[in-house]
Structures are given as structure tokens and as C-alpha cells.
Amino acid sequence: MGPAQAQQLGVPQSSVLTLSSERLFAESEFGQRVMQEIEAEGVLLAEENERIVAELSREEKDLTEKRTEMQPDEFRPLAEAFDRKVQSHRDGQRAKLDALSRQSEEARQTFYELVQPVLIDLLRESGASVVIERSSVFLSSDRTDVTDAAIARINELIGDGSQLENRGDE
């Protein structure tokens with residue numbers, strides 16, 4: 001493909017291209033789907049946490065009321081059991097939050113693996129030898145930024161990516 005043809009396709013002719021990887025993910029249909037799913041799961045996790053906190057608060061209140069009616073040696077095992085229950089819930093919620101974070105990171109890694117051929121094509125079409133992260137560049141011309149072109153091609157090629165994930169389920 002010649003320079004004029006590449007220019008018509010929205011690909012600048014330059015030896016160095018810039019790209020915003022954050023925008024690439026966030027503005028792609030794939031990234032938007034993933035972020036919506038993670039956000040929805042985060043909301044469910046927060047709601048679950050609120051329910052657990054409310055339940056534990058009621059139990060703590062009941063335990064506090066029982067304290068006045070019980071001998072210290074009778075109360076201590078109940079208090080210790082309650083403390084273990086609270087810690088167990090905290091650990092469980094923290095593990096779920098960590099899993100959600102890992103899920104987000106894994107989705108990003110999958111995305112960048114999937115889009116690598118698109119970025120290689122842009123590199124070849126432009127005649128560039130390197131693509132540099134836009135945020136790492138001190139000064140450049142906006143015309144070297146291929147983020148919009150990459151997003152358009154990625155959306156066309158993989159869309160929101162859900163069909164790719166469904167293929168593995170068959």
C-alpha cells in the first residue's frame with residue numbers, strides 16, 4: 001500500500017506513531033462492555049457487603065445486650081466466635097474484591113492480545129517502526145496519534161468481544 005492510499009485510510013505516514021492504550025481500551029466496544037460488567041459486579045458486591053454489615057451490626061447489638069445478663073466466662077466464647085465471624089466475612093469480601101480486580105486485569109490482557117494484529121497492521125501501513133504510548137511522549141503532532149483509527153478497526157473486527165468468549169463455551 002502506498003503512502004497516499006494509507007493516508008486515505010486515516011493512517012498517517014510517519015516513522016513514529018503514538019497511541020493511548022487507556023483510551024484504546026476504554027473507548028472500544030470491548031472495553032466498554034468489560035467495564036460495565038465489572039462495575040455491575042462491583043455494585044452487587046457492595047450491596048452484599050451492606051447486607052452483611054447490617055446483619056453483623058444486629059448480631060453485635062444482640063451480643064452487647066446479652067453481655068449484661070451473662071458471666072464473663074460465658075460471654076467470652078460468644079464474643080470470640082462473633083469476632084471470628086466478622087473476620088471471616090471481611091476476608092471473604094476482600095477475596096471477592098481481589099477476584100474482581102484480577103478479572104479486570106485479565107480482560108485487559110486479553111484485549112491487548114486480541115488487538116495486537118490491528119496495531120501491527122497500522123504500523124505497517126504507516127511505514128512506522130515504532131508505536132509509543134501517548135502519555136509517555138513529551139511533545140508530538142496529533143496526526144501521529146492512531147488511537148481513533150485503532151479503535152474503529154478494533155470495533156469492526158471484534159466488537160464488544162462477547163462472541164469471542166461465547167465460542168469457548170461451545
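Q: Which backbone atom lies 3.2 Å from a polar atom of its side chain?
A: The backbone nitrogen of R23 lies at that distance from a polar atom of the S20 side chain.

Q: And what is S20 in contact with, leaving aside neighbours within four places in sequence?
A: With E133, R134 and T147.

Q: Switching to aromatics. How many pairs are there?
A: The count comes to 4 aromatic pairs. One of them is F30 with F111: the ring centres are 5.3 Å apart and the planes are at 35°.

Q: Why is that pair called tilted?
A: Because 35° falls between the two cut-offs, under 30 degrees for stacked and over 60 for edge-to-face.

Q: Where are F30 and F111 in the chain?
A: F30 is in helix α3 (residues 29-67) and F111 is in helix α4 (residues 72-126). The two are 81 residues apart, and the pair links distant parts of the chain.

Q: Is F30 buried or exposed, and what about F111, buried or exposed?
A: F30 counts as buried, at 2% relative accessibility. F111 also counts as buried, at 0%.

Q: What is the geometry of F111 and Y112?
A: The rings of F111 and Y112 have centres 5.2 Å apart and planes at 70°, so this pair is edge-to-face. Y112 itself is partly exposed, with a relative accessible area of 29%.

Q: Which residues do the ring pairs link into a cluster?
A: F25, F30, F111 and Y112.

Q: What lies over the face of F30?
A: R33, at 5.1 Å from the centre of the F30 ring.

Q: New topic, confidence. What is the mean pLDDT of the chain?
A: The mean is 89, and 91% of the residues reach 70 or more.

Q: Where is confidence lowest, and where highest?
A: Lowest in helix α1 (residues 3-8), at a mean of 44, and highest in α2, at 97.

Q: What about residues 1-8?
A: The pLDDT is below 50 over residues 1-8. Beyond near neighbours in sequence, that stretch has 9 contacts in the model. Where pLDDT is low, the predicted coordinates should not be read in detail.

How values were computed: Residues are numbered from 1 along each chain as its sequence is written. This is a predicted model: local features need pLDDT of at least 70, side-chain atom pairs count only at pLDDT 80 or more; totals for chains, interfaces and linings use all residues. Side-chain values use heavy atoms; hydrogens and water are left out. Rings of Phe, Tyr and Trp (its six-membered ring) pair if their centres lie within 6.5 Å; planes under 30 degrees apart count as stacked, over 60 as edge-to-face and the rest as tilted. Helices (H or I, at least four residues) and strands (E, at least two) are DSSP runs, numbered from the N terminus. Buried means under 20% relative accessible area, exposed over 50%, partly exposed in between (1.4 Å probe, protein chains only). A charge sits over a ring if NZ of Lys or CZ of Arg is within 6 Å of the ring centre and within 35 degrees of the ring normal. A polar contact is a pair of N or O atoms within 3.5 Å; within protein, one must be able to donate a hydrogen and the other to accept it, and residues adjacent in sequence count only if both atoms are side-chain atoms. Contact means heavy atoms within 4.5 Å. pLDDT is the predictor's confidence in each residue, from 0 to 100.
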